[in-house]
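Colleague: I would like to go through the labels on this model one by one. Tell me what each rests on.

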Amino acid sequence: MPKERTRYVKDSPTHSALRELRRTFTSPRNLAALSGVVVFLAVSGPFGTYETLRLPARLAYWAFTAPLTFALGSFTALLCARHFENRGPVWLAPAMVAICTALSVGALVLLLNWAAFGTAPTDTAYLGSLLASVFITAAIIALALYYTAHHMPDAPKGPPHLLQRLDYAKRGPLISLSVQDHYVEVVTTKGASLVLMRLSDAIKETGSDTGLQVHRSHWVALAQIEKVTREGDKARITLKDGRDIPASRSYIPALKEAGLLPR
């Protein structure tokens, strides 16, 4: 394995959420879908806009409001998903995604309506009705996006997304991922880099069916395995670059399932 290492790559939840949001708003397909939503909202006039605004004004209102609330909601949902994932019971992350997204979008809609219509958020009936509608809508959309992102099978196109975090000179076929303190050491055929993220998140970005987690601190690419040697109730994986990676007892069944050890 090459000795050279790249600089540390900072990848906080905020940076990750901003990167995903930028990717969303630079996708022609997403922009076309958002434009369709704006037209639909302008024609249907939900949340009282049909009664208070004419069609041109509704179109202008939703052309401003829909992208802004979508951006804030998406950012909040991504940030909460990264922060709460694997930090409690399985229901915690989706629940916090729904609640935080609904609260942030609801507050933004109140401010926008105050600025657009002069409707101060002091009328209890108005405040309750608007917040209930926005809260339910935003929570449902956030939950749908969360479960779509986390439970739909991956269908990666092109190189693994993880490689985009590395300097261009280090982007090659993946060999292994290993935990180094709070970092993940990403080893490719072109060198090693340290990325500030969790191993579980790094593994998700390798794509599907490309490798196996063989230890709580290690993942290896299937194509880079030279041989696997059984050592009692554990195993040792020799990679094509000459390094040995330990495989712990709890991951032996996965090695057997992949045909790397006899059943």
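Colleague: What makes the order S3-S2-S1-S5-S4 an open sheet?

Modeller: This is a predicted model. In it, five strands form an open sheet in that order, with antiparallel pairing. S3 and S4 (211-215) stand at the edges, each with a single partner strand, so one side of each has no neighbour in the sheet. From one strand to the next, the twist averages 20 degrees.

Colleague: How do you know that S1 and S2 pair?

Modeller: Count the bridges. Pairing needs at least two bridges between the strands. S1 (residues 174-180) and S2 are joined by six, so they count as paired. They run antiparallel. One example is Ser176, whose bridge partner in S2 is Val187.

Colleague: What makes S2 and S3 a pair?

Modeller: The cut-off is again at least two bridges. S2 and S3 (residues 191-195) have five, in the antiparallel sense, so the label holds. Val187 stands opposite Ala192 in S3. Val186 stands opposite Ser193.

Colleague: Which links join these strands, and how many residues do they have?

Modeller: A hairpin of two residues joins S2 to S3. The hairpin of S1 and S2 also has two residues between the strands. There, Asp181 takes a positive phi near 55 degrees.

Colleague: Why is S2 called mostly covered?

Modeller: Buried means under 20% relative accessible area. Five of the six residues in S2 (residues 183-188) are buried, hence the wording.

Colleague: Now Arg236. Where is this residue, and why is Arg236 called partly exposed?

Modeller: Arg236 lies in strand S7 (residues 234-239). Its relative accessibility is 26%. Buried would need under 20%, and exposed over 50%. The value falls in between, so Arg236 counts as partly exposed.

Colleague: What makes the link between Arg236 and Asp244 a polar contact?

Modeller: The distance between the side chains is 3.4 Å. The limit for such a pair of N or O atoms is within 3.5 Å, so the pair qualifies.

Colleague: Which other residues is Arg236 in contact with, leaving aside neighbours within four places in sequence?

Modeller: Besides Asp244, the list holds Lys227, Val228, Thr229, Glu231 and Ile245. The label means heavy atoms within 4.5 Å.

Colleague: How far apart are Arg236 and Val214?

Modeller: In sequence, 22 residues separate Arg236 and Val214. In space, C-alpha to C-alpha, the distance is 9.6 Å.

How values were computed
Residues numbered from 1 in each chain as written. Predicted model: local features only at pLDDT ≥ 70, side-chain atom pairs only at ≥ 80, totals over all residues. Heavy atoms only, no water. Buried < 20%, exposed > 50% of the residue type's maximum accessible area, 1.4 Å probe, protein only. Helix = DSSP H or I, 4+ residues; strand = E, 2+ residues; numbered from the N terminus. Polar contact = N/O pair within 3.5 Å; in protein donor to acceptor, adjacent residues only side chain to side chain. Axes fitted to C-alpha atoms, helices over the stretch in contact; angles between N-to-C directions.
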